[in-house]
Amino acid sequence: MDYDMLVIGSGPSGRRAAVQSAKLGKSVLVVDRGRRLGGVSVHTGTIPSKTLRETVLNLSGWRERGFYGRGYRVKQDISVGDLIERLHKTLDHEVEVLQHQFMRNTVKSARAAVKFLGPNRVSLTSDNGDYSEVGFANALVAVGTIPHRPHDVPFDKTRVFDSDEMLELDRLPRTLTVIGGGVIGVEYATIFSALDVPVTLVEPRNSILDFVDREIVDDFIHQMRDRGMTIRLGSAVKEIRSKPEAAEVELADGRTIRSEVLLYAAGRTGNVGSLGLDVVGIEADSRGRIKVDPQTFQTSVPNIYAAGDVIGFPSLASTSMEQGRVAACHAFGVTLQPPPETFPYGIYAVPEISTVGQSEEQVRQSGGAYEVGVARFRETSRGHIMGVDTGFLKLLFSIETRRLLGAHIVGEGATELIHIGQAVINLGGTVDFFVNNTFNYPTLAEAYKIAGLDAWNRMGR
């Protein structure tokens, strides 16, 4: 059978492309080789790690420790079972919603491994060996990524784990070492730290989260160290060893770190290995990423598109969804408005980080005069009510145009609060918006008013 749109992978970009194509009246087949629909996002990535984070914050009483002290706990002995119970409920619900969405929109799905036979044909091979072929007018490669697993790292799921395997721990580790200061490494390191597990974070480079405003990162690192985490920046890893009693990391400077469990989270690789892209002339780079036109998401073969993590940065579920929708619209000749240049990043660490627009480093490089407004959450009444004694909001304004250039938040609720800054930036708003508007009181969002006034008082009228 032939389809108007073949979608390979059912993660955020694949699902959005499939539904958008169906809404345009096209026949759609989604093929995924996973046991259930949802892709990495639902089963090993976005949803599980965020569910784990929420469960940890609730059961540990982390959010209330500002009031009741660092020894406060809601549940004294938190087990992996407590964490997994909520995880499975959430994942079941996500899959159910996705299946219903496909059913409502007459999107067909199949579980199989896909291999390109040509620019308009693929083979499908199921787990039990059933073979079939399918034709397509357009295809979207949305296969996502898998953890980068270097050959010299002794992954064994006993002492040394990758980020997918961390969800299969049979008990909480007494101590944890995390290799990699990217988003995934930082999220898992801080989540386990919130459970009072002693954590050491190792990053070979001299900084973490390079795309985030430095002042935000500095505060984040201070908060991590303040609660007892060990952070080794600029520490190259010489060797990782899995021993019966512990995982050992030997650093290039001669130091050795021992812990019960080690998480290796240094990058991810495009999941393109078995697709047969070479048959149609599409090349992936050394990390399995596919190059696309950034406006249309077309690959070097015009009727084959790629979207989501497999095309590289920013590798966010939110941007992946939009990429899938744009690819589907382009494939069927629907003209879209160009998207806004700025979109928010959310890092679901403990504490959260979220950022939109330009960092102070980028504003400084552009050469224009600017002013900064800052509001600390402890200055807000809502912060006092919640027991929040850390975290802040930082706004950057152009002195010439008075427009908001960037908004950056570290602290409770950052990923929700950032959308106010996003709206103001994309609508061309100025510092006067924050000064003249009334915000609900008491809220953390009131920090925007405080930060706006902070900058306004120094900018002149």
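Colleague: In this predicted model, is tyrosine 345 buried or exposed, and what is its relative accessible area?

Modeller: Buried is the word for a relative accessible area under 20%, and tyrosine 345, with 17%, is therefore buried. The ring of tyrosine 345 also pairs with that of phenylalanine 313, and because the centres lie 6.0 Å apart with the planes at 35 degrees, this pair is tilted. Phenylalanine 313 sits in the loop between strand S17 (304-306) and helix H9 (317-331), whereas tyrosine 345 belongs to strand S18, so that the pair links distant parts of the chain, 32 residues apart. Phenylalanine 313 itself counts as exposed, at 57% relative accessibility.

Colleague: How many aromatic pairs are there, and what kind of pair do phenylalanine 211 and tyrosine 345 form?

Modeller: Planes under 30 degrees apart count as stacked, those over 60 degrees as edge-to-face, and the rest as tilted. The count comes to nine aromatic pairs. One of them joins phenylalanine 211 to tyrosine 345, and with 40 degrees between the planes and 5.2 Å from centre to centre it is tilted. Phenylalanine 211 lies in the loop between strand S10 (199-203) and helix H7, and tyrosine 345 in strand S18, so this pair ties together parts that are 134 residues apart in sequence. Phenylalanine 211 is partly exposed, its relative accessible area being 33%. Ring pairs link Phe211, Phe313, Phe343 and Tyr345 into a cluster.

Colleague: What does the UniProt record place at residues 344-449?

Modeller: According to UniProt, in an unreviewed entry, residues 344-449 carry the feature "domain: Pyridine nucleotide-disulphide oxidoreductase dimerisation". Over residues 344-449 the chain is 33% helix and 27% strand, and its end C-alpha atoms are 20 Å apart.

Colleague: Which charged side chains sit over rings?

Modeller: Here one looks at the distance from the charged end to the ring centre. Arginine 376 has its charged end over the ring of phenylalanine 392, 4.8 Å from the centre, while arginine 149 lies over the face of phenylalanine 155, at 4.2 Å from the ring centre.

Colleague: How many bridges join strand S13 to strand S14, and which residue of their hairpin takes a positive phi?

Modeller: Strand S13 (residues 247-251) and S14 run antiparallel and are joined by four bridges, with alanine 247 standing opposite serine 259 in S14. Four residues lie between the strands of this hairpin, where glycine 254 takes a positive phi near 100 degrees. Strand S14 (residues 256-259) has Ile257 and Ser259 on a covered face, and Thr256 and Arg258 on an uncovered one.

Note on methods: Residues numbered from 1 in each chain as written. Predicted model: local features only at pLDDT ≥ 70, side-chain atom pairs only at ≥ 80, totals over all residues. Heavy atoms only, no water. UniProt positions renumbered as here; feature names shortened; annotations may be inferred. Helix = DSSP H or I, 4+ residues; strand = E, 2+ residues; numbered from the N terminus. Phe/Tyr/Trp six-rings, centres within 6.5 Å; stacked < 30°, edge-to-face > 60°. Buried < 20%, exposed > 50% of the residue type's maximum accessible area, 1.4 Å probe, protein only. Lys NZ or Arg CZ within 6 Å of the ring centre and 35° of its normal. Pairing = 2+ DSSP bridges.
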